[in-house]
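Let's look at how two protein chains meet. Have the sequence and the 3D view ready as you read.

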Number of protein chains: 2
Amino acid sequence: MDPDSLSKAFVEHYYSTFDTNRPALAGLYQDGSMLTFEGEKIQGAQQIGAKLNSLPFTQCKHNVSTVDCQPSGPAGGMVVFVSGNLQLQGEEHLLKFSQMFHLIPTPTGSFFVFNDIFRLNYA
Amino acid sequence: MDPDSLSKAFVEHYYSTFDTNRPALAGLYQDGSMLTFEGEKIQGAQQIGAKLNSLPFTQCKHNVSTVDCQPSGPAGGMVVFVSGNLQLQGEEHLLKFSQMFHLIPTPTGSFFVFNDIFRLNYA
């Protein structure tokens with residue numbers, strides 16, 4: 001699969017998991033993984049999973065507008081940059097967001113999220 | 001200098017150069033560097049410089065709202081995520097943007113831009 005298709009597949013999988021089975025997101029991270037969520041820094045798969053599960057909304061729907069990706073170096077990683085909007089249950093207004101992932105290949109041919117930075121784009 | 005201070009210094013330098021001496025931006029990239037600008041992929045310092053210099057406005061001012069950074073791996077690189085707005089000469093409305101950089105250390109103790117992804121955040 002080419003990098004663009006791979007990154008789109010990852011992004012679809014990530015937000016579909018977020019919206020339908022959020023506790024499973026922790027499995028996409030490892031111990032060294034980092035999340036910066038609206039400026040708050042969290043490290044480690046377990047801590048990142050706990051943060052994502054503690055967000056103050058139970059249901060949401062991510063709509064992806066753009067996905068850009070580039071290889072991140074000789075080791076087979078890639079950086080993925082997403083823009084889109086987020087609808088929370090009971091909220092009329094969409095929240096625009098941008099998010100970047102740095103994906104690192106695993107020995108089994110899959111990827112895990114090493115870097116994750118999320119920001120809402122306030123209007 | 002800690003990574004947060006380093007990334008803020010880089011971001012200030014990058015946009016100050018963009019706004020006052022755009023032809024010098026090419027010096028921040030190397031031959032393997034990649035830019036994805038609004039979905040268009042460009043590779044190489046010279047080609048990236050040419051693209052940035054060919055943008056259809058001569059004067060602009062970047063205002064940075066947030067800068068987030070994380071180490072990108074054992075080799076000393078870092079990913080930097082910026083949100084802000086952009087004012088073009090003669091335009092009343094500000095353009096919101098997000099941009100990510102993957103910075104790689106050079107043997108002389110400086111950094112160059114390996115990955116650069118830029119997107120306007122349309123309202």
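## Polar contacts and salt bridges

In this predicted model, 13 residue pairs, both at pLDDT 80 or more, are in polar contact between chain B and chain A. A polar contact is a pair of N or O atoms within 3.5 Å; within protein, one must be able to donate a hydrogen and the other to accept it, and residues adjacent in sequence count only if both atoms are side-chain atoms.

There are also 4 salt bridges between chain B and chain A (a side-chain nitrogen of Lys or Arg within 4 Å of a carboxyl oxygen of Asp or Glu). D68(B) pairs in this way with R119(A), with 2.7 Å between the closest N and O atoms.

## The side of chain B

Which strands of chain B supply at least two residues each to the side that touches chain A? They are β1 (29-37), β3 (60-71), β4 (78-88), β5 (95-105) and β6 (111-120); strands here are DSSP runs of E, at least two residues, numbered from the N terminus.

## Contact and buried area

Each chain brings 28 residues to the contact (heavy atoms within 4.5 Å). About 2,300 Å² is buried between chain B and chain A, with carbon and sulfur atoms giving 57%; buried area is the accessible area (1.4 Å probe) that two parts lose on being put together, summed over both. On the chain B side, Q70(B), F81(B) and R119(B) lose the most area to chain A, together 26% of what that side buries.

## Reading the model

Residues are numbered from 1 along each chain as its sequence is written, and chains are lettered from A and ligands numbered from 1 in the order in which they are written. Local features need pLDDT of at least 70, side-chain atom pairs count only at pLDDT 80 or more, totals for chains, interfaces and linings use all residues, and side-chain values use heavy atoms, leaving out hydrogens and water.

Note on methods: Helices (H or I, at least four residues) and strands (E, at least two) are DSSP runs, numbered from the N terminus.
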